[in-house]
Amino acid sequence: MTDPATILIVDDERHTRDGLRLSLEDDFDCYVASNAAEAMEHLKNDQIDVMLTDLRLGEDNGMKLLEEALHLPHPPVCIMMTAYGSVDTAVEAMRRGAYHFVTKPLNLDEVELLVKRALRSRSLEKENKALKQQVEQKYSIEGILGKADTLKPILETIQQVAPTRATVLIEGESGTGKELVARAVHNLSGRPKAKLVTVHCAALSPQILESELFGHEKGSFTGAQERRIGRFELADGGTLFLDEIGEIDASTQVKLLRALGEQVIERVGGSKPIKVDVRVVAATNKDLAKMVEEGKFREDLYWRLRVVTLHMPPLRTRKGDIPVLADHFLKDLATANGKTYKPLGEDALPVLMTYDWPGNVRELRAAIEHGVVMSNSSRIMAKHLPAYLSQPGGLGWRVPVPAGKPAAESASASAAAPKAELDIHEMEKNLILEALERAGNNRSEAADLLNMSRRTLQRKLKEMGMVRKHRKRPVKE
């Protein structure tokens, strides 16, 4: 059985307070207050679901109390009461956030019905918020944003593998978010968040890398003036993330293999085995299987690392996620650069969707930051983005391929007609067609993919002559 909802009745007239309390206390847990100060004490110390407050509270102002209540971390549903009711007062109370407005003398049955409706509204609001959080959790794990089909299996695998001790190998091009995945695996593992230790293997020479991983004893090599604790020991009880694992040399690979298999290390220059409890997550932008074939990477270490393998897809294969990522970066980078958040203009998204992003999500973030910094209008327009995104021949620029036409044929046709390459309207049309195809011709879903309203999409379809005409139904005689 659930606890009854709590009602706070605020009125400077005692008979009104007592009358409402007697009317409602059979179904609700009622509190009463004669002024704004008493009301705020209850609101701060008790979980109030609905507040019924008079507009005039002696020297206090009920409208001001309404505003203060609605700014609390857990605001109640507010209903205003007054003997001085007017349309203007009702509109003002609703504008400031009141759920409803009633005039005195009160009809107690009407008030009780209104309170129950307010509670149902609050319950629906909580359910909607919970559903939204579930959707956000499904499509955003520890900062990994996206809805593309290529990303969903990765998010599901992260959730499944994170609580285990299994070693994880994350493969993918530079800039695809491998470190975010490693962080997600650790944060969802139940291990202390502070115990995620990262080593960027490509940035260190073999000798320094070995010392970084396993530590060293004093005097073990020139410059070793004191004992050093390695990253394996620092990560004891947590997770060690080895970024660019394909860069480590052969001798370090041997020691790493023993550390993974036996959970035992030795410091450089030492002979004492040190037991550690470390979960290893590794990442690479190289083809380790090919490196094994070429004799550049140990096969036994390769199989030890890839107990579970996650492959991060390049951004060019998950372009439906670009609007989500772009909007996230717009908000994040506006704050970081001391700017006001500005949405993308209608001509900017086609540019982002046409480009192939060889630098992946990292390059997209840099491009969005350029737009945030350079924009001098209310939106981020195409002209505010880096110029190379719109220039044919750039590293990641491609010509949109019309539906049903081979890429090679499209490329040769584009070379013969360079002016068509710069036609932003044709690019936008192709983008809309692609969104409609992905959404199964559902215009609301297509508008979401394009990060625009359904009304804007309808207008653009009409401008392109793509609005379906409705035939008149024959009139039955």
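T167 is buried, because its relative accessible area is 11% (buried means under 20%, exposed over 50%, and partly exposed in between, with a 1.4 Å probe and protein chains only). The residue is placed in the loop between α6 (152-161) and β10; helices (H or I, at least four residues) and strands (E, at least two) are DSSP runs, numbered from the N terminus. Leaving aside residues up to four places away in sequence, T167 touches V280, R304, L305, V307 and V308, where contact means heavy atoms within 4.5 Å. This is a predicted model, in which local features need pLDDT of at least 70 and side-chain atom pairs count only at pLDDT 80 or more, while totals for chains, interfaces and linings use all residues. Residues are numbered from 1 along each chain as its sequence is written, and side-chain values use heavy atoms, with hydrogens and water left out.

Strand β10 belongs to an open sheet of five strands, ordered β11-β12-β15-β10-β16 with parallel pairing; two strands pair if DSSP finds at least two bridges between them. The edges are held by β11 (196-200) and β16 (308-311), each with a single partner strand, so one side of each has no neighbour in the sheet. On average, neighbouring strands of this sheet are turned by 20 degrees against each other, direction ignored (axes are lines fitted to C-alpha atoms, for helices over the stretch in contact, and angles run from 0 to 180 degrees between N-to-C directions). Within the sheet, β10 (residues 168-171) and β15 (residues 279-284) pair in the parallel sense over four bridges. V168 has V281 of β15 as its bridge partner. Helix α7 (residues 178-187) packs on the sheet and touches β10, β11, β12 (239-243), β15 and β16; its direction makes about 165 degrees with that of β15.

The structure also holds 30 salt bridges, each a side-chain nitrogen of Lys or Arg within 4 Å of a carboxyl oxygen of Asp or Glu. One of them joins the side chains of R191 and D277 (3.2 Å, N to O). This pair links distant parts of the chain, 86 residues apart: R191 lies in the loop between α7 and β11, and D277 in the loop between β14 (274-275) and β15. R191 counts as buried at 14% relative accessibility, whereas D277 is partly exposed at 30%.

Another salt bridge connects K331 and D327 (3.2 Å, N to O). These residues are four apart in helix α13 (residues 322-336), so about one helical turn separates them. D327 counts as buried at 18% relative accessibility, while K331 is partly exposed at 43%.
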